[in-house]
Amino acid sequence: MDRRAFVKVCAGTAIAAAWWRGQPALAASIADHPPARLVNADGSPLKAADVPTTEALVFAYPYRGVPCFLINLGARAAHPATLASPEDGDYTSPAGVGPHANLVACVAICTHQLSYPTPDYSAIRYADSASPLAGAPGRIVCCTHGSVYDPAAGAARVSGPAPNALLPVQLAWDAESDGLAATGCVGDKFFARFFDAYKSDLIDRFGPGGYHQPVGETTVAIPLSRHSAAVSTC
Amino acid sequence: MTHEIDRRHFLKMSGTVLAAAPAVLAAGPAALAAGVAQPAGGKQGAPFVSTHRMLDLPKARGPRLVIIGGGTSGLTIAKHAKKAYPKFDVVLVEKRCMYSSCFASNLWYPGIVNLEFLADHSFLDAAHNGGYIYVNATCIGLDRASRTVATNEGDIKYDFLVVAPGISYDYDKIGVHDIDAKVALRQTYPGGFICPTEHVTIHRKVHQFEGGVFIQTVPSGNYRCLPAPYERACLIASVIKHNKLKGKVVILDANPEITIKAPGFHAAFDELYKGIIEWHPTAAVTGVDVAGRTVHTEFDSYKFDDAAIYPNVRAATLIEELDLMAPPTKSNQKEANIDIRFYNLIGDQRVYVTGDSRPMPYSKSGNTSNSEGHYVAKVLAARAQGKDIAWTSPQTLCYSMVDAFPKQAIWVDTYYGYDAKKDAITGFKDTKVDNKRSEANGTAYLEWARGLYRDMFKA
């Protein structure tokens, strides 16, 4: 075995020993991206027990410029759904994780016209209670043009102009530490279009090229109300 | 919270525009393949207007789809038809060489957005990102027999043609018949619902308003952007209030009630602009004395210091010039003679009319044209491949800013129904309204506009 291959195997072995690396992608179509443990703003591990039911947490994954929602569905459990993205193909959304199988994650970019949470503002949010546009509680609502998604069903479109579901992010949960990690997602072609649409804004925020860098071994998850100065409530 | 918008107004629009629509159904793809009879173009037998030379374009690499008009409808269809059927060779013909949106333009007057917000969007980028060709030219003629559309830069052969020229003003319907008066009125007190240069003039008026009476008129019929004149009145009033001017906005409304989001606008008039906004229902304009700065209605005359006179609207005159206009029994706004589900000219599945020249009683607004454009793109892709497609309703999601300091908005979201037996659009469907003004809605409004720009100009 040459040295390069040895180093690769060793690295792989070491990685497999960590819980957040131990869970293979359940759905074949969910692309493996380097896993990232979810941490709080102070760097401490985020525990499943600390994920609120009232609003989504926002974290970047798999790239620094891609915002995702971590959602605690409360009494609802998330079930896998067979869905399709016009750009990235068919996939099966992951089931919920955590002690109650009620933690899910998805890419927080509306598939209609690409609204996403910025530090200044978010038109898209998880609403645990009903709202004029959402109708029912527990929906993800984009106020930009009224798209509504159900996070308990793979973030599938419920109503409005969105052509398809919010794209899924696969989570891993460690029963022993109650920790969470993002381990894969669907959307590489969608991300390329998103980056193209917002290139100037993303360069301003992350520096040239910074937005498409992998997030690294950890990624900070904070409540949407802290992530974005203003959040619409349609 | 209410889930109704003014049903009476909808019925009024449908009544005047569509009640007489006959049950003419599309002949279907088979008829297209067999070659539908296509009469020669030109207005009522007039000769085909042309430069008599071909426009210099790369050879078409697939069915050529020519789109006349680079507004919300044309830009949306150009991009999404190419996405839906990549074999299309799409050419967008637009007479302007600088884009500026009509939607969201009211927000510029009190400074909620700047001109860059409306205009920092390039036709070149849209064409590059969408994989089509942008031609800066003006359509001057059409010969449907030879499938040739003429522009001032030369002729273009098409396989499919979309004509999306928007609206023209109809000053005759507000009693202004004399050509001198029409020109003076349009130049001095423009409506502000067609050209960016009108927006610039109104922006200047609002900034230079030092007090007195500012008149904003609201026409009858299905005019472009139902809430916009009320929104503009609120925003001008907001500036008057903010600047502590001794002035007021007088709204002369041809309609008996505010045509849309009435509770939200009434609340703003009563709670924010008491003494600053005067709303006069059933006050249709019957004449304007430009030099004397006086608007006449049936019962009263109103002096003003400045004004934005919004006359009635009709389909763009190009629809009439290209002989695409419906008879008066089908449209009293000179709109296009098209199939109300599939947008093709009656009897010609190669030619389509979309956007605000359509005869259907949809809201003539940006979101409607954008969502309609997504659907028409699929219709064109289906027709090019000899396939059928099911009708889907456009969406009208429309924010209105009722305050600028701070920015607060209300909104309505609606779809439309179709009655197959009557072959008619039946009314609003799945309507949701938020008449409670809020800053959260105000911020969402800006993102609403940005989303439309992204959809038209980005990949």
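User: What makes E4-E5-E6 of chain B an open sheet, and what is the sense of the pairing?

Analyst: In this predicted model, three strands of chain B lie in the order E4-E5-E6, with antiparallel pairing. The edge strands are E4 (139-143) and E6 (154-157), each of which pairs on one side only. The twist averages 20 degrees from one strand to the next. Strands are DSSP runs of at least two residues (E), helices runs of at least four (H or I), numbered from the N terminus. Residues are numbered from 1 along each chain as written, and chains are lettered from A in the order written; local features need pLDDT of at least 70, side-chain atom pairs count only at pLDDT 80 or more, totals for chains, interfaces and linings use all residues, and side-chain values use heavy atoms, without hydrogens and water.

User: How do you know that E5(B) and E6(B) pair?

Analyst: Two strands pair if DSSP finds at least two bridges between them. E5 (residues 148-151) and E6 of chain B have four bridges, in the antiparallel sense, so they meet the rule. Val149(B) has Ile156(B) as its bridge partner in E6(B).

User: Why is Tyr453(B) called buried?

Analyst: Buried means under 20% relative accessible area, exposed over 50%, partly exposed in between (1.4 Å probe, protein chains only). Tyr453(B) has 4% relative accessibility, so it counts as buried. Phe117(B), at 14%, is buried too.

User: Why is the pair of Phe117(B) and Tyr453(B) called edge-to-face?

Analyst: Rings of Phe, Tyr and Trp (its six-membered ring) pair if their centres lie within 6.5 Å; planes under 30 degrees apart count as stacked, over 60 as edge-to-face and the rest as tilted. For Phe117(B) and Tyr453(B) the values are 5.7 Å centre to centre and 75 degrees between the planes. Phe117(B) lies in helix H4 (residues 115-119) and Tyr453(B) in helix H12 (residues 439-457) of chain B, so the pair ties together parts 336 residues apart in sequence. The rings of Tyr169(B) and Tyr171(B), with centres 5.8 Å apart and planes at 65 degrees, are therefore also edge-to-face.

User: What makes Arg350(B) a charge over the ring of Phe160(B)?

Analyst: The rule asks for NZ of Lys or CZ of Arg within 6 Å of the ring centre and within 35 degrees of the ring normal. The charged end of Arg350(B) is 5.0 Å from the centre of the Phe160(B) ring and sits over that ring.

Conventions: Axes fitted to C-alpha atoms, helices over the stretch in contact; angles between N-to-C directions.
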